[in-house]
Amino acid sequence: YLLTDTNSSTFYSTEYALYETLIQTIYDSINLALSPTIGSNWINREVIASGVVRNTYENGVVVLINYGDEVETVGTTSIQPESFVVLGGE
């Protein structure tokens, strides 16, 4: 009942064992996007189209994000719905 009026109110359980696999899956996905940017400054955010964003980092890495529900193409790069593509880096 203590969580009723909090952001956690929609979670019926917060038992780690129930979410361990989901936590690891989400971490692995986000790490693919962000690990190439570690130690590099974010220098530009450009909205290419509605729901499509290009984030540029000082080290030359570009992260294209598609917030929409259809495949989007930027140049020759296709981005799946609700996904991202990392360009450049190592």
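The model is predicted, with a mean pLDDT of 90 across the protein and 89% of its residues reaching 70 or more.

- Among the elements of the protein, helix H1 (residues 16-34) has the lowest mean pLDDT, at 91, whereas strand E5 (residues 77-79) has the highest, at 98.
- Where pLDDT is low, the predicted coordinates should not be read in detail.
- The protein has 90 residues, of which 20% count as buried, and its accessible surface comes to about 6,900 Å², with 53% of that surface belonging to carbon and sulfur atoms.
- Among the contacts in the protein with a separation of 6 or more, 18% are accounted for by residues 24 or more positions apart.

**The sheet and its edges**

- Four strands form an open sheet with antiparallel pairing, and their order is E1-E2-E3-E6.
- E1 (42-49) and E6 stand at the edges of this sheet with a single partner strand each, so one side of each is left without a neighbour in the sheet.
- From one strand to the next, the twist averages 15°.
- Helix H1 lies across E3 and E6, and it runs at about 35° to E6.

**Strand pairings and hairpins**

- E1 and E2 are joined by six bridges in the antiparallel sense, and within this pairing Asn44 has Thr56 of E2 as its bridge partner.
- The hairpin of E1 and E2 has two residues between the strands, and Gly51 in this hairpin takes a positive phi near 85°.
- E2 (residues 52-57) pairs with E3 over five bridges, again in the antiparallel sense; here Val52 stands opposite Asn66, Val53 stands opposite Ile65, and Arg54 has Leu64 as its bridge partner.
- E2 and E3 also form a hairpin, with four residues between them, and Gly60 in the turn has a positive phi of about 95°.

**Burial and the nonpolar core**

- Both faces of E3 are covered, with Val62, Leu64 and Asn66 buried on one side and Val63 and Ile65 buried on the other.
- E2 is mostly covered as well, as five of its six residues are buried.
- In soluble globular proteins, nonpolar side chains tend to be buried together.
- The largest nonpolar core is made up of six residues, namely Val52, Val62, Leu64, Val74, Ile79 and Val85.
- Leaving aside residues up to four places away in sequence, Val74 touches Ile48, Val52, Arg54, Leu64 and Ile79.

Technical notes. Residues are numbered from 1 along each chain as its sequence is written. This is a predicted model: local features need pLDDT of at least 70, side-chain atom pairs count only at pLDDT 80 or more; totals for chains, interfaces and linings use all residues. Side-chain values use heavy atoms; hydrogens and water are left out. Buried means under 20% relative accessible area, exposed over 50%, partly exposed in between (1.4 Å probe, protein chains only). Two strands pair if DSSP finds at least two bridges between them. pLDDT is the predictor's confidence in each residue, from 0 to 100. Contact means heavy atoms within 4.5 Å. Accessible areas come from the Shrake-Rupley method with a 1.4 Å probe; for residues, only the protein chains shown count as cover. Axes are lines fitted to C-alpha atoms, for helices over the stretch in contact, and angles run from 0 to 180 degrees between N-to-C directions. A nonpolar core is a set of buried Ala, Val, Leu, Ile, Met, Phe, Trp, Tyr and Cys residues joined through side-chain atoms within 4.5 Å.
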